[in-house]
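Thanks, everyone. Let me put the model on the screen, and then I'll walk through it piece by piece.

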Amino acid sequence: MAARRVVAAGAGVCALLTSAAGCEGDDGETGLRTGRDLPGGAVVAGVSFQPAPLAWGPCDAATTSPAERAPATTSPATTSPTTTSPAQPAPTTTGAQPAALECATMRVPLDYDDPGAGTIGIAVIRARATGPGPRIGSLLFNFGGPGASGVDILKQTLGQWRTLNTRYDLVSFDPRGVGASAPVECLDDRQMDASMQSDSSPDDAAEVGMFEAEQRAYVRACQARSGKVLGHVGTVNAARDMELLRTALGDDKLNYFGISYGTWLGGVYAHQFPRSTGRIVLDGAVDTKISTRDLNLQQAAGFERALRSYAEACAKRGATDCPPSKGDKSAEAIISDIRAFLEGLDAKPIRTSQGRPLSQTLGVSGVATALYSKQLWPVLSQGLTMAYEGDGTVLLSLADAQNGRREDGTYTNLNAANTAIKCDDTTERYTVSDVEAALPRFRRASAVFGPLLAWNLMQCTGWPFPGDDEAKEVSAPGSAPIVVLGNTGDPATPYAWAPALARELGNARLVTLHGEGHGSYDTGDPCVVKAVDDFLLQGKVPADGTRCP
C-alpha cells in the first residue's frame, strides 16, 4: 500500500501585490503577467493574472503525457476510488466526426501567494467545435481522480462527446501535479510493481510494522523526487488554474463538466469564482464536508452494494451466462465464494500469464474495477471463473487498469498525484490506533472492501506538509445554476453525496438516475443524456429532483 497510497524575486519584487496598486510583473519567458486590474486578467486572491495566449499545436510527446492504455481509476487498495468509471458506453451522438486534437501549455504560478516564486506548465488539450450550429464556447472537462490525466482521457473518449462537440470546443487539462503538468513522482516502475503487490490490510503486529515502514519509505520518496511541488498541488490551486485557463481560452464564463473528483474541483471553482460560472454539470458527486474516515466508510458500503447487485444478477442468469453461480448458487453464496477466494490470496497468491502473481491487494482491486460499470460484469464473471481455477490474469489486468499500469510495465503518476492532492486538501492524519478502532465498522460495511479502505486512512500519515481544509468549502452564492447528477447504484461516489453536494452549492439542480455503475451521463441513459444535453446546448435547466428513468 506504499503507493496509496517566501522570498520574492523578479516579478515578485512587488511583494504584497494585493496592496501595491499598479504594480505589474512579467516573467519574461512565459508572458504570464501579474499586477492589479490587468485588462482581461483573471483575479485570484486580489491579484490579476494575465496568461499568455495559448500556442496550440499537434498533440505529441512534447506536449502531452504518455497515453494510457486504460481509463485511470483509483483503487481501494491504494487510494479512495473517486474517479471516472472505466469502459462506459457512449451516449447517443450525432453523426459528426470527432474534431482533430491540438495541445498547448499554459504557465501558471507555482505559488499564488508568492507569484515571484516561478511558474509551472499546465498541459491542455482541445478539440474545436465541429458544427452544425453556432459555437457556444469552450467546455472544460475534469474526468476525476484526483490524479487522472485529462489530456489522455479526452484523447481516448473524444468520440463519446460528439454531440457536445458540435457546439463546444472540448477542452481538458492535466491538473497541477498530474501527467504532464509538473507531475508528482514518488516510486519508479519496479518499485510500483512491488508496492502494488504489498499487503494493504495487515492482520497482525508484524504486518502492521511492515505496512508502516512502507508508508514512511513512500513519503520519503515523494519528498525526495517532488518536494518542490508537493505543497502546491491541492484542489484550491487547481481551481485557480481553471480561472486562468478560462481567461486564456477567451471565455467570459466557465462551462464545465466534472466527473467524480471533478465534481469536488468544480464545486471549489464555483465557490471561489461564482460570477465566472456558466453551464456546469457535476456527475458522480463527492460530499466535500465529510471526514476521510466517513468518506472511505461510505465507499466500502457502496462497493459492497454494487457487489451484491452483481451477485443477484449473476444468480438470476444462471451458470451458462454467469459461471460463478454454478450449482444454482444464491447471491449470498456467490459473495461468500468471492470473499473466501480473496481471503485465500493473502496467504497464497495465484499465478497469471503476465508473470506477476495476483495478490490479495490486486485481487480486491480487480473486483472493484469491474463494479464501476455494469458492462464490466461479464468480465468480472470471466475473471472469477479463471481465478477459481488458479489463473488470475483477468483480475490482474483489471487491477492494472485501476492502478495506472500500462502494457509496457510503466505507470502513470496516478497514485503519486492522488496522494499529494488529497494530502494537500486535508489536515487529517490518522494513526494505527485510529485505524484499528475503526476496523469493526469498516468490516461491517464490507468484509471484502472494508479492511483495505480502513487502512487507506493512513494515506497521508507522515506527509511532509500539513495540508489545509480550504477545499472543503463549496458554497457558491451568486453562481449560475449548477446541475448535479447522482446514480443510486454508484459504488465509488455513493448516491447520498449528490444531494449533499447540491445543498452545499446552493443554486443547484439534482438529477437522479436509478441505475448501476459510477456516474450517470456515460451510462448512456436517454433521460440523463437528454437532461444534460438540453442544459449544455440549449441552456434549459432541468427541474430540481428530476428522476431517471
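Start with helix α1, whose buried residues pack against β8 (119-127) and β11. Packing here rests on contact, that is, heavy atoms within 4.5 Å. The buried residues of α1 (residues 150-157) are Gly-150, Val-151, Asp-152, Ile-153 and Leu-154. Buried means under 20% relative accessible area, exposed means over 50%, and partly exposed is in between, with a 1.4 Å probe and protein chains only. The element names are DSSP runs, numbered from the N terminus: helices are H or I with at least four residues, strands are E with at least two.

Some housekeeping. This is a predicted model, with residues numbered from 1 along each chain as its sequence is written, and local features need pLDDT of at least 70, side-chain atom pairs count only at pLDDT 80 or more, and totals for chains, interfaces and linings use all residues. Side-chain values use heavy atoms, with hydrogens and water left out.

Now the sheet. Ten strands make an open sheet with mixed pairing, in the order β5-β7-β8-β11-β9-β12-β13-β14-β15-β16. The edge strands, β5 (57-58) and β16 (546-548), each pair on one side only. Two strands pair if DSSP finds at least two bridges between them.

Look at β11. Six of its six residues are buried. Tyr-168, Leu-170 and Ser-172 point one way, Asp-169, Val-171 and Phe-173 the other way. β8 pairs with β11 in the antiparallel sense, over four bridges. There, Ala-127 has Leu-170 of β11 as its bridge partner. β9 (residues 137-142) and β11 (residues 168-173) run parallel, joined by five bridges. Leu-140 has Val-171 in β11 as its bridge partner.

Next, β12. Six of the six residues of β12 are buried, so the strand is largely enclosed by the rest of the structure. Leu-254, Tyr-256 and Gly-258 are on one side, Asn-255, Phe-257 and Ile-259 on the other. β12 pairs with β9 in the parallel sense over four bridges. Phe-141 partners Phe-257 of β12. β12 also pairs with β13, again parallel, over five bridges. Leu-254 partners Thr-277 of β13.

Which helices lie across β13 and β14? One is α15 (residues 497-505), which lies across β13 (277-283), β14 (482-487) and β15 (508-513), at about 165 degrees to β14. Another is α16 (residues 526-538), which lies across β9, β11, β12 (254-259), β13, β14, β15 and β16, at about 165 degrees to β13. Those angles run from 0 to 180 degrees between N-to-C directions, and the axes are lines fitted to C-alpha atoms, for helices over the stretch in contact.

Helix α9 (residues 360-370) is mostly covered, with eleven of its eleven residues buried. They pack against α3 (189-197), α7 (292-317), α8 (331-347), α10 (377-388), α11 (393-403) and α14 (450-455).

On a 1 Å grid over the protein atoms alone, a cavity is a set of points where a 1.4 Å probe fits but cannot get out; a pocket is an open set with protein on both sides within 12 Å along at least five of seven lines; lining residues have an atom within 4 Å of a point. Grid points are joined across faces, edges and corners, and a volume is the space filled by probe spheres set on the points.

The largest cavity holds about 310 Å³. It has 22 lining residues, with Trp-264, Thr-292, Leu-295, Lys-422 and Thr-426 nearest its centre. α7 gives the most to that lining, three residues.

The largest pocket has a volume of about 320 Å³. Of its 18 lining residues, Asp-113, Gly-231, His-232, Asn-237 and Asp-468 are the closest to its centre. Helix α5 (residues 235-249) gives the most to the lining, four residues.

The second largest pocket has about 230 Å³. Its lining has 15 residues, with Ser-201, Glu-343, Gln-360, Ala-447 and Pro-451 nearest the centre. α8, α9 and α14 each give two or more residues. α8 has the largest share, four residues. And Gln-360 brings us back to α9, where it is one of the buried residues.
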